[in-house]
Amino acid sequence: MRRLWMSLLLVPVMVVAMAAAAWASPAAPAARTAAAARTQAAAAARVLQPGMTGAKVKALQRRLAALKYYPGAIDGRFGVNTLEAVWAFYEVQGLTPHDYVSSAMKRALAHPRAPKVLVKHGGANRIEISLSREVLVLYRNKKVQLISHVSGGGHYYFCNPGGGCGYAVTPAGNFSTRVFMRGWVHVPLGEMYNPVFFIGTAYAIHGDTYVPLAPVSHGCVRIPMDIAAFFHKLVKIPGEPVYIR
């Protein structure tokens, strides 16, 4: 009876010992190795990102420029202009935009898809703007000349300091360029840089210092400042067709 009692006392001790042995087994280092591999894979996915410099960045800029995105100067510096071109590429490819070049984007750069045509018979020269993808495509002689990231109306309610309230909605439809105003311009919808108006002198394609991935404008179509500096020189004013979908 005493031997049976001692055996029962030893069972919990053996269970604890076996658990400790299992924890110290090769399975634990293997789990840590797998976790480290996942971390390294996640880091590797960020192929290029803002702040980086060098030949790889310059190759990225050249590739984007060849595809008609505007990365700024081909100088090997991953700055704001290059990031905005990266966003536009993500948007056209139907990929989730990131603030870096992912492995998925790197693969897409090798075999990119062309921008989706919004208006098949819109004319050889035209501007197409997709509010859902947040991208602008400028066509010249039926060929893509420029692709830009944009930010449209944010669908929020706002009131202007000078009076008048409304919802921040970018109108969809068929329009045409009306007039260009140089520099910073104040209109009822707010302040805009180098606006190319397509509805009177109220709604325009214009530059702004804040063109995020989210739609945030009062109703106009924001484009990056670097593109706004020359965009008006690429389009006919007045009379360039503007299709917003």
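## Salt bridges, a disulfide and a surface patch

Val169 sits in the loop between strand E5 (165-167) and strand E6 (173-176). Helices (H or I, at least four residues) and strands (E, at least two) are DSSP runs, numbered from the N terminus. The model is predicted: local features need pLDDT of at least 70, side-chain atom pairs count only at pLDDT 80 or more, and totals for chains, interfaces and linings use all residues. Residues are numbered from 1 along each chain as its sequence is written, and side-chain values use heavy atoms, with hydrogens and water left out.

**The surface patch**

Val169 counts as partly exposed, at 35% relative accessibility. Here buried means under 20% relative accessible area, exposed means over 50%, and partly exposed lies in between (1.4 Å probe, protein chains only). Together, Tyr157, Tyr167 and Val169 make a nonpolar surface patch of about 350 Å². Patch residues have over 30% relative accessible area and no salt bridge; like charges are joined within 9 Å, and nonpolar side chains (Val, Leu, Ile, Met, Phe, Trp, Tyr) within 5 Å. Areas come from the Shrake-Rupley method with a 1.4 Å probe; for residues, only the protein chains shown count as cover.

**The disulfide**

A disulfide is a covalent bond between the sulfur atoms of two cysteines. In this model the rule is a pair of cysteine sulfur atoms within 2.5 Å. The count by this rule is one disulfide. Cys159 and Cys165 form it, with sulfur atoms 1.9 Å apart. Their link is right-handed, with 110° about the S-S bond. Cys159 is partly exposed, at 46% relative accessibility. Cys165 is partly exposed too, with a relative accessible area of 46%. Cys220, by contrast, is buried at 3%.

**The salt bridges**

Side chains of opposite charge can pair when their charged atoms come close. A salt bridge here is a side-chain nitrogen of Lys or Arg within 4 Å of a carboxyl oxygen of Asp or Glu. How many salt bridges does the structure hold? There are three.

| Salt bridge | N to O distance |
|---|---|
| Glu128 and Arg126 | 2.8 Å |
| Arg222 and Asp208 | 3.7 Å |
| Arg140 and Glu240 | 2.8 Å |

Which parts does the pair of Arg140 and Glu240 tie together? Arg140 lies in strand E2 (residues 135-140), and Glu240 lies in the loop between helix H7 (231-234) and strand E12 (241-244), so the pair ties together parts 100 residues apart in sequence. Glu240 is buried, with a relative accessible area of 3%.

Arg222 and Asp208 meet in a salt bridge through their side chains. Arg222 belongs to strand E11 (residues 221-224) and Asp208 to strand E10 (residues 203-208), so this pair ties together parts 14 residues apart in sequence. Arg222 is buried at 14% relative accessible area. Asp208 is buried at 11% relative accessibility.

**Around Glu128**

Glu128 is placed in strand E1 (residues 126-130). Is Glu128 buried or exposed? Glu128 counts as buried, at 2% relative accessibility. Its salt-bridge partner is Arg126. Arg126 is buried as well, with a relative accessible area of 5%.

The side chain of Glu128 also has a polar atom 2.8 Å from the backbone nitrogen of Leu118. Leaving aside residues up to four places away in sequence, Glu128 touches several others, including Lys116, Val117, Val135, Tyr139 and Tyr243. Contact means heavy atoms within 4.5 Å.

How values were computed. Polar contact = N/O pair within 3.5 Å; in protein donor to acceptor, adjacent residues only side chain to side chain.
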